[in-house]
Amino acid sequence: MSETQDDSLPQVMTRVLKHAGGSVVDTVLPPQELLSLAGDPLSKRLWENVTFLDAPWCEACGFPFEYQIADGGLCGRCSVRKPAYDHARAAMAYDDGSRALVLSFKHGGRTEGLAGFAAQMRRAGRDILDGADYLIPVPLHPSRLIRRKYNQAALLARALGKITSAKFDPDSLMRTKRTESQGQFNLRQRADNVRGAFDIRPGAMDRLQGAHVILIDDVLTTGATLEACARTLKKAGARQVDGLCLARVAKAAALPT
């Protein structure tokens with residue numbers, strides 16, 4: 001079934017209220033902190049093959065380069081059409097070396113790595129975090145939040161807010177449209193899927209005027225979701241909108257023009 005044909009927002013929120021109690025706490029922080037990164041062999045093994053990203057990279061989208069380039073250099077895709085966001089950065093490559101680590105956090109409730117994730121995101125995003133006002137997580141639709149029990153982007157943003165000067169802001173941006181999973185789509189289809197999916201929450205317009213916003217998400221693939229969010233925030237008055245993700249696809253073949 002198409003996600004746009006599902007329950008209305010009031011029906012979804014009714015189910016949220018019926019899940020009140022323990023599930024509300026789980027939405028904020030899942031209970032499954034099963035293993036310790038410091039002493040668990042499995043956790044160490046999940047980290048050991050990760051490729052951490054750093055400059056040189058595309059000034060706009062953060063696509064990693066294999067060699068040093070001049071300041072402000074753009075990848076081929078961004079030189080043709082710059083994205084709606086101003087800059088994007090990611091802490092690690094999303095590949096065979098990181099997939100298990102990322103998916104265990106995203107879908108498996110493995111939140112014990114949050115401090116390490118936030119530290120690596122701060123490292124990778126040091127140039128865009130300087131002077132930023134707000135850390136805004138890419139929101140989930142309420143119906144998906146019920147199923148997943150937590151928004152992994154919100155957990156990352158909150159952890160990052162503890163170690164940076166930018167304020168954690170989960171209340172400015174909302175998802176108004178249930179979109180289908182992006183994994184099945186190509187670049188153009190991803191952009192179509194999230195078009196019109198986000199809006200500004202009532203009361204947030206004033207604080208966004210002239211603000212420097214950092215969008216937080218788990219995985220950057222084509223950037224379609226970040227672009228849709230950035231357009232919404234800039235229309236609302238944000239001066240600069242950057243993206244900072246835990247991981248990104250770093251193969252040119254996966255980023256068609």
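## Terms and basis

Two residues are in contact when they have heavy atoms within 4.5 Å of each other. The model is a predicted one, in which local features need pLDDT of at least 70 and side-chain atom pairs count only at pLDDT 80 or more, while totals for chains, interfaces and linings use all residues. Residues are numbered from 1 along each chain as its sequence is written, and side-chain values use heavy atoms, with hydrogens and water left out.

## The nonpolar core

A nonpolar core is a set of buried Ala, Val, Leu, Ile, Met, Phe, Trp, Tyr and Cys residues joined through side-chain atoms within 4.5 Å. Here the largest such core has 68 residues, and L215, I216 and L233 have the most contacts inside it. Strand β6 (residues 212-220) gives the largest share of this core, six residues. Strands are DSSP runs of E with at least two residues, and helices are runs of H or I with at least four, numbered from the N terminus.

Leaving aside residues up to four places away in sequence, I216 touches M121, L135, I136, P137, V138, A153, L156, A157, L160 and L244.

## Around S172

S172 sits in the loop between β3 (167-168) and β4 (173-175). S172 is buried, because its relative accessibility is 0%; buried means under 20% relative accessible area, exposed over 50%, and partly exposed in between (1.4 Å probe, protein chains only).

Beyond four places in sequence, the residues that S172 touches include I136, D199 and I200.

## K235

K235 belongs to helix α12 (residues 224-235). K235 is exposed, because its relative accessible area is 76%. K235 and I200 are 35 residues apart in sequence, with a C-alpha to C-alpha distance of 9.6 Å.
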